[in-house]
Amino acid sequence: MKNLSALSLKTHQGELYVLDQTLLPHQQQWLHCTTVTQMVTLIQRLQLRGAPAIGIGASLLLAYRATQGDSQAQLQKDAEILRAARPTAVNLMNNLDSMLEAIQQTDFVSATVACAEALFAEDVALCQLMAEHGAALVQPNEQLLTHCNTGGLATAGVGTALGVINLAHQQGKNIRLWVDETRPLLQGGRLTAWECQQLGIPYQLICDNMAAMLMARGQVDRIFVGSDRIAANGDFANKVGTYSLAVLAHYHQVPFYVVAPHTTVDLACADGSVIPIEQRNADEVRGVSGAFGQTLWAPEEAPVFNPAFDVTPANLVTGWVLDTGVYSQQDIAAGVLQQLFG
């Protein structure tokens, strides 16, 4: 396997390493990943997160297992175990489908390695295309807002929504970015803020419930978010809190864009109502945990509702920024997703 390098994933001398995102921004620790059980744990604990990065990480792990002598039957079984690791992120399923085709080849070891490497390279290319399409929408001196983390930590390339924002910054458009902290796991406060500092993007961190006030004051010109699954009708699932932003943007007439690669489109989902939504551990809401330890601020037995994602209906979206272009509500209603990816 080639030596590959991304912000959250890398291979070196045939071995796979994952950056532990639960320790960011204060610790950067690379974990040596060698088993399917370990990869599932990394994904479920959000040590590896972001729909594209999850799919690529799972694919690289299967390729590694193939080089270690696992049989075709074992690799097929492992692919199904990995598929169940995070139910909402369709990139995981799409990438594993490609890997399963490779596993069925006569020379399946070479085929699985080549497939995983190709998926990595593809995501790098898709991220760059999304960045170019999305950055063209940004006007000089705009104040942008984003939710969760959609940068290099979540992909093999420059990211989805944050990739757009970074390219606009690199183009000298003098942007300013509002970063939602993104409760309950603070991916914005921990990860996007860290990436922005690394990239030199001017940003300010806000609590999620401050976005409405900023929009009312005219201090948000455009919103870019990512996605874990886009349904055939344009509805999409993203980190919980995205739907709230879309409603607020619609009320305040702020353009609202979802940025995702075509690997996030799931034509088997007719609309957002059939997108599976992952339910997570109650303690994520009862308190907070990280490199510093764990703190509980709610009663230990407090009942909790903790969906990882919510679904934003297509009628609240200004545009879909994909690697193939930017599409309007009219385009989506006319079936452009089916035409492009059906």
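In the predicted model, Arg222 has a relative accessibility of 10% and therefore counts as buried. Its side chain meets that of Glu142 in a salt bridge, with an N to O distance of 2.8 Å. The pair links distant parts of the chain: Arg222 belongs to strand 7 (residues 222-225), whereas Glu142 lies in the loop between helix 5 (108-135) and strand 4, 80 residues apart. Glu142 is likewise classed as buried, because its relative accessibility is 9%.

A search of the whole structure finds 9 salt bridges. Among them is the contact between the side chains of Arg86 and Glu278, at 2.7 Å from N to O. Arg86 and Glu278 are both buried. Arg65 and Asp70 form a further salt bridge, in which the closest N and O atoms are 2.9 Å apart. Arg65 counts as buried because its relative accessibility is 19%, against a cut-off of under 20%. Asp70, at 14% relative accessibility, also counts as buried.

Helix 7 comprises 13 residues (187-199), which at 1.5 Å a residue should span 18 Å; the end C-alpha atoms are 17 Å apart, in agreement with that expectation. The buried residues of this helix are Gln187, Gly188, Arg190, Leu191, Thr192, Ala193, Trp194, Glu195 and Cys196. They pack against strand 4 (143-146), helix 6 (161-170), strand 5 (176-180), strand 6 (203-206) and strand 9 (236-239). Just after helix 7, Gly200 adopts a positive phi of about 75°.

Cys207 takes part in no disulfide, the nearest cysteine sulfur, that of Cys148, being 16 Å away. At 28% relative accessibility, Cys207 counts as partly exposed. For Cys269, the closest cysteine sulfur is also that of Cys148; the separation is 20 Å, too far for a bond, given that a disulfide requires sulfur atoms within 2.5 Å. Cys269 counts as buried, because its relative accessibility is 5%.

Notes. Residues are numbered from 1 along each chain as its sequence is written. This is a predicted model: local features need pLDDT of at least 70, side-chain atom pairs count only at pLDDT 80 or more; totals for chains, interfaces and linings use all residues. Side-chain values use heavy atoms; hydrogens and water are left out. Helices (H or I, at least four residues) and strands (E, at least two) are DSSP runs, numbered from the N terminus. The expected span of a helix is 1.5 Å times one less than its number of residues. Buried means under 20% relative accessible area, exposed over 50%, partly exposed in between (1.4 Å probe, protein chains only). Contact means heavy atoms within 4.5 Å. A salt bridge is a side-chain nitrogen of Lys or Arg within 4 Å of a carboxyl oxygen of Asp or Glu.
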